[in-house]
Amino acid sequence: MSTVADVIVVGGGPAGVAAAVELRRRGVKHVTIVDREPHLGGATRHCSHSPFGMREFGRLYFGAAYGRRLERAAAAAGVEVLTGHSVVSLGEQGALTVTSPRGVDMMSAKRVVIATGARETPRSARFISGDRPVGVITTGTLQSYAAFHGLMPFRRPLIVGSELVSYSALLTCLAHGARPVAMVEPNPYALARAPFTWLPRLAGIPFHCGAELIDIVGQNRVEAAKIRLENGTVQTLACDGVLLTGCFTPESALLLRSLQGVAPGSAGPAIDQDGRMQNPAYFAGGNVLRAVETAGWSFREGRRVGAAVAEDLARGTAGEAPVTVGFDSPIKLVVPGLLRRNGLATPAFQDFQLRFERRVRGCLSLELNGREVWSRKALWLPERRILVPIPPAAFKAGSVHFRFTEES
């Protein structure tokens, strides 16, 4: 079967649904969401906690209810939804190969929006030594067990990580009768902000910064975990599970298998100020751009990208080559990483989003054609969102670069 649409949105999480609904609101007739899961909502459906949805829908939802609210929004807007469908390849002119229980379909659209989100890094990619027992899982698996099956896979797990999702995992454990033996963070500081970092202490759970998981012990299932504390001593914690949280990476396998490729640092698609990739038929928004932001942030970003796609369809694509935004180490990523002179009247992205690889103090500056136009001195922390307004002159510059001078 061959399907033709005005816009196909790949991914039915907050960003994808918001983009599709905004496209319909702006008069684009045939908008289709393709998602491999049986329901829309993305990772939020797995979250058995609140808050979600206050800024988008004016009320608070738990994760699963928020996912259902997204489904209702798509249906009310007249968006065609194809769940249980997986996109397996991206063609040059908006042509997609899609698999489903019916077989292989070919779909095409004037524009394609990639909103596939992000995923946590599993044990296999973290190079953790030790046995391979049952009970080593990520937060997404935990939330799925709890939300869809009412199951808790352990009673006394060790939680690894201190990102926002780590505290979400802690809340899920406590709400379902599990009591973690400890939380450990390899960095000498928590990655999330207060007041979330107060939660382990309030719950009476030991929290070790500068601690590294070095071994997992167990034959059939987890029996203990060995951690190296900040002072170098090794401690063995009796536990029945290891919960690996955070360390998100964009779900960009589709891009790696295509000519689109991914941007250095972010591991997601390189986009310009309108969310457009190098191939002008493709746009992207949400956590596939850079892991990881909240559902609300992704929703608002998806809505702006949807508005840009609608304007682009009405205007017609201009094909001018973009300028790549450069950056110095230890800056990890910059989004958008491309700028086009002939962008849309209202850019989808009005700020550069930056992240640092490590904790560092120094001066961050933005240079256009070698001339400094913005700077700030501060202590910069890893995985914290940094926003720098995109100056209008940047769209006309031949060189755009973020410079960093570290203080000793």
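A: Start with a cut-off: a residue counts as buried when its relative accessible area is under 20%, and as exposed when that area is over 50%. The model here is a predicted one.

Q: Are glutamate 301 and arginine 290 buried or exposed?
A: Both glutamate 301 and arginine 290 are buried. Their side chains meet in a salt bridge, 3.0 Å from N to O. This pair links distant parts of the chain, 11 residues apart: glutamate 301 belongs to helix α8 (residues 295-315), while arginine 290 is in the loop between β17 (282-284) and α8.

Q: How should I read a salt bridge in general, and how many salt bridges are counted here?
A: Side chains of opposite charge can pair when their charged atoms come close. The count comes to 20 salt bridges. Through shared partners, Arg111, Asp272, Arg276, Asp312 and Arg340 are joined into one network.

Q: Which residues does glutamate 22 form a salt bridge with?
A: Glutamate 22 pairs with arginine 25, closest N and O atoms 2.8 Å apart, and with arginine 26, at 2.6 Å. Glutamate 22 and arginine 25 both lie in helix α1 (residues 14-25), 3 residues apart, or about one turn of the helix. Glutamate 22 is buried at 6% relative accessible area, arginine 25 is exposed at 59%, and arginine 26 is partly exposed at 45%.

Definitions and conventions:
Residues are numbered from 1 along each chain as its sequence is written. This is a predicted model: local features need pLDDT of at least 70, side-chain atom pairs count only at pLDDT 80 or more; totals for chains, interfaces and linings use all residues. Side-chain values use heavy atoms; hydrogens and water are left out. A salt bridge is a side-chain nitrogen of Lys or Arg within 4 Å of a carboxyl oxygen of Asp or Glu. Helices (H or I, at least four residues) and strands (E, at least two) are DSSP runs, numbered from the N terminus. Buried means under 20% relative accessible area, exposed over 50%, partly exposed in between (1.4 Å probe, protein chains only).
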